Amino acid sequence: MRIGIVTFPGTLDDRDAARAVRLAGGDAVPLWHADADLHAVDAVVLPGGFSYGDYLRAGAIARFAPVMEPIIDAATGGLPVLGICNGFQILTEAHLLPGSMIKNEVRTFVCREQELTVENADTAWTRSFQAGQRITIPLKNQDGQFVADEHTLDMLEGEGRVVFRYEGTDPNGSRRRIAGISNAAGNVVGLMPHPEHAVEPGFGPDSAQGPRRGTDGLGLFTSVLSAMVA
Amino acid sequence: MGRVVVDVMPKPEILDPQGKAVAGALPRLGFGQFTSVRQGKRFELEVEGDVTPEVLDAAAQAAATVLSNPVIEDVVRVADIEADAAATVTSTGTIA
C-alpha cells in the first residue's frame with residue numbers, strides 16, 4: 001500500500017508522517033509540490049507545517065502548487081486524502097473541505113496534548129476507531145480556529161461529517177469545538193491536531209501506559225491501510 | 001505602468017484576533033478614542049501600460065479566487081490607484 005506524503009516549501013511534519021505510515025505497515029512515497037504526478041499512490045497525506053510561510057493565508061498558496069491538481073482530481077474520484085494542520089488548511093483552500101481556519105481565539109500559538117472524541121468511525125481514515133472513542137494526540141497551531149457559517153455547520157453535523165471534536169476546553173475557539181471534518185464521501189479528512197506525532201511508545205503524549213507512551217494517532221494510518229485492503 | 005489596488009477585509013461576523021490585539025494596545029499608548037480595530041490586507045498589482053477595464057476585471061477575478069477566501073474575507077475594493085488619486089485631487093479642487 002503506497003501512501004504519498006507531500007512536501008511543500010515550509011512543510012515540517014512530512015518525515016513524521018512518513019514514519020507514521022511505515023509504523024502502520026504502509027509504504028511512504030515522497031511527493032514533491034512541483035511534480036504534478038502522484039506516482040501511483042493509493043492515498044495521500046498533506047502534512048503540517050507552514051507551507052510558503054503561511055503568506056497570504058495558511059494553505060492559500062500551496063493549494064495552487066502543481067501537485068495539488070492531480071490530488072484534487074483523484075480526491076473527487078475517491079482517493080483517500082488526509083490533511084493534518086496546515087494540510088487541513090490546504091484542503092479548505094482547495095474547496096475539498098468546507099469552512100476555513102483563522103487565528104486562534106486566544107491569540108497565541110497553542111501547543112499541548114489534546115483529547116479528542118472520534119465522532120465518525122466510518123471514514124477512510126477513522127475506521128480503526130469506534131464512534132465515541134476518546135483519543136489523545138498533540139495539538140500545535142497558530143491559525144487553528146475552525147470557522148464556517150451556521151448553515152455549513154448544521155450540514156456537517158447533520159451528515160455526520162464532524163469526525164473529531166475537542167474534549168474539555170476548546171483550545172482555539174473553533175466553532176462547535178470541531179477539530180476535524182470529512183467530505184461527503186468520507187475519503188477526504190482534515191484535522192488540526194497531529195496524529196503522526198502519537199504513533200510510537202516513548203515519543204507520544206502521556207497515556208495510561210506511562211509517560212510519552214500514547215500511540216492513539218496510529219489508528220488514522222492503520223484505518224486507511226485496512227480501507228484499501230477491504 | 002499602471003497599478004491596481006485590492007483591499008481585503010475579514011468578514012464583519014468573523015472575529016478578527018489581529019485587530020483585537022491592536023485594539024488592546026492602543027489605549028496603553030493614549031489612543032483611548034478608538035473603540036474597535038479591524039485589520040485587513042492591501043494588495044498592489046502592477047501592469048505594463050494603463051489600467052484598462054479588462055485589467056480591472058482580471059484583478060477582480062484574482063481577488064476573488066486567490067487574494068481572498070470568501071469563507072472568511074470580503075473584497076472591499078478593486079481600483080485603479082492612479083485614477084483614484086486623480087479623482088481625489090479633482091474633488092479637493094472642486095471643494096476649494
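Guide: Buried means under 20% relative accessible area, exposed means over 50%, and partly exposed lies in between, all with a 1.4 Å probe and protein chains only. This is a predicted model, in which local features need pLDDT of at least 70 and side-chain atom pairs count only at pLDDT 80 or more, while totals for chains, interfaces and linings use all residues. Residues are numbered from 1 along each chain as its sequence is written, chains are lettered from A and ligands numbered from 1 in the order in which they are written, and side-chain values use heavy atoms, with hydrogens and water left out.

Visitor: Is Asp7(B) buried or exposed?

Guide: Asp7(B) is found in strand β1 (residues 2–10) of chain B, where strands (E, at least two residues) and helices (H or I, at least four) are DSSP runs numbered from the N terminus. Leaving aside residues up to four places away in sequence, Asp7(B) touches Lys41(B), Arg42(B), Asp74(B), Val75(B), Val76(B) and Arg77(B), a contact being heavy atoms within 4.5 Å. Because its relative accessibility is 16%, Asp7(B) counts as buried.

Visitor: Which strands of chain A stand at the edges of the sheet?

Guide: In chain A, 9 strands form an open sheet of mixed pairing, in the order β2-β1-β3-β4-β11-β10-β9-β6-β7, where two strands pair if DSSP finds at least two bridges between them. Each edge strand has a single partner strand, so one side of each is left without a neighbour in the sheet, and these strands are β2 (27–32) and β7 (134–141) of chain A.

Visitor: What angle does the direction of helix α1 of chain A make with that of β1(A)?

Guide: Helix α1 (residues 14–24) of chain A packs on the sheet, touching β1 (2–7), β2 and β3 (43–46) of chain A. Axes are lines fitted to C-alpha atoms, for helices over the stretch in contact, and angles run from 0 to 180 degrees between N-to-C directions. On that scale, the direction of α1(A) and that of β1(A) make an angle of about 175°.

Visitor: How many aromatic pairs does the structure hold, over all chains?

Guide: Rings of Phe, Tyr and Trp (its six-membered ring) pair if their centres lie within 6.5 Å, and planes under 30 degrees apart count as stacked, over 60 as edge-to-face and the rest as tilted. The rings of Phe88(A) and Phe146(A) have centres 6.1 Å apart and planes at 15°, so this pair is stacked. Over all chains, the number of aromatic pairs is 2.

Visitor: How many residues apart in sequence are the parts that Phe88(A) and Phe146(A) tie together?

Guide: Both Phe88(A) and Phe146(A) are buried, and helix α3(A) is mostly covered, with 8 of its 8 residues buried. Because Phe88(A) lies in helix α3 (residues 86–93) of chain A and Phe146(A) in strand β8 (residues 145–147) of chain A, the parts tied together are apart in sequence by 58 residues.
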